[in-house]
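Below are my notes on the model you sent. They are set out as numbered points, to be read alongside the coordinates.

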Amino acid sequence: MEDDKEAERLRRLHIYDYKCVLIPLLESKIKEYEQNRKEYPDFESYVPELVAYLHSLSPQTINAQIRVHRNYGQK
């Protein structure tokens with residue numbers, strides 16, 4: 001986006017208002033994809049890795065994300 005303020009607004013909206021607490025975890029996986037473009041030449045080649053990651057998340061991990069982001073954006 002190259003607009004940090006808008007990116008943060010959208011992040012707050014989706015994490016806090018829409019309760020998409022997995023966004024920070026997915027952002028880290030997307031960074032991993034971007035840093036390994038030789039291994040994953042396009043996003044389609046990375047999707048199986050991303051899906052496997054989502055399937056590997058335990059209820060404890062998801063609950064931890066909920067706790068971390070419970071008050072996200074209320075500061």
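1. Helices here are DSSP runs of H or I with at least four residues, numbered from the N terminus. The model is a predicted one, and the points below should be read as such.

2. Gln-65 is placed in helix α4, which spans residues 59-68. Its relative accessibility is 12%, and the cut-off for buried is under 20%, so Gln-65 counts as buried. Leaving aside residues up to four places away in sequence, Gln-65 touches Val-21, Leu-22, Pro-24 and Leu-25.

3. The model holds 4 aromatic pairs. In one of them, the ring centres of Tyr-33 and Phe-43 are 5.3 Å apart and the planes stand at 85°. Edge-to-face requires an angle over 60 degrees, so the Tyr-33 and Phe-43 pair falls in that class. Tyr-33 belongs to helix α2 (residues 23-35) and Phe-43 to helix α3, so the pair ties together parts that are 10 residues apart in sequence.

4. Are the two partners of this pair buried or exposed? Tyr-33 has a relative accessible area of 8% and is buried. Phe-43, with 36%, is partly exposed; that class covers values between the 20% and 50% limits.

5. Tyr-33 also pairs with Tyr-46, with 5.2 Å from centre to centre and 40° between the planes, a tilted arrangement. This pair likewise links distant parts of the chain, with Tyr-33 in helix α2 and Tyr-46 in helix α3, 13 residues apart. Tyr-33 and Tyr-46 are both buried.

6. Which residues make up the aromatic cluster? Tyr-33, Tyr-40, Phe-43 and Tyr-46 form one cluster. Tyr-33 takes part in both the edge-to-face pair with Phe-43 and the tilted pair with Tyr-46.

7. Phe-43 deserves a separate entry. Phe-43 sits in helix α3, residues 43-56, and contributes to a nonpolar surface patch together with Val-47 and Val-51. The area of that patch is about 210 Å². Patch members need over 30% relative accessible area, and Phe-43 has 36%.

8. Lys-19 lies over the face of Tyr-16, at 4.8 Å from the ring centre. The distance limit for such an arrangement is 6 Å.

Conventions
Residues are numbered from 1 along each chain as its sequence is written. This is a predicted model: local features need pLDDT of at least 70, side-chain atom pairs count only at pLDDT 80 or more; totals for chains, interfaces and linings use all residues. Side-chain values use heavy atoms; hydrogens and water are left out. Helices (H or I, at least four residues) and strands (E, at least two) are DSSP runs, numbered from the N terminus. Buried means under 20% relative accessible area, exposed over 50%, partly exposed in between (1.4 Å probe, protein chains only). Contact means heavy atoms within 4.5 Å. Patches are made of residues with over 30% relative accessible area and no salt bridge: like charges are joined within 9 Å, nonpolar side chains (Val, Leu, Ile, Met, Phe, Trp, Tyr) within 5 Å. Accessible areas come from the Shrake-Rupley method with a 1.4 Å probe; for residues, only the protein chains shown count as cover. A salt bridge is a side-chain nitrogen of Lys or Arg within 4 Å of a carboxyl oxygen of Asp or Glu. Rings of Phe, Tyr and Trp (its six-membered ring) pair if their centres lie within 6.5 Å; planes under 30 degrees apart count as stacked, over 60 as edge-to-face and the rest as tilted. A charge sits over a ring if NZ of Lys or CZ of Arg is within 6 Å of the ring centre and within 35 degrees of the ring normal.
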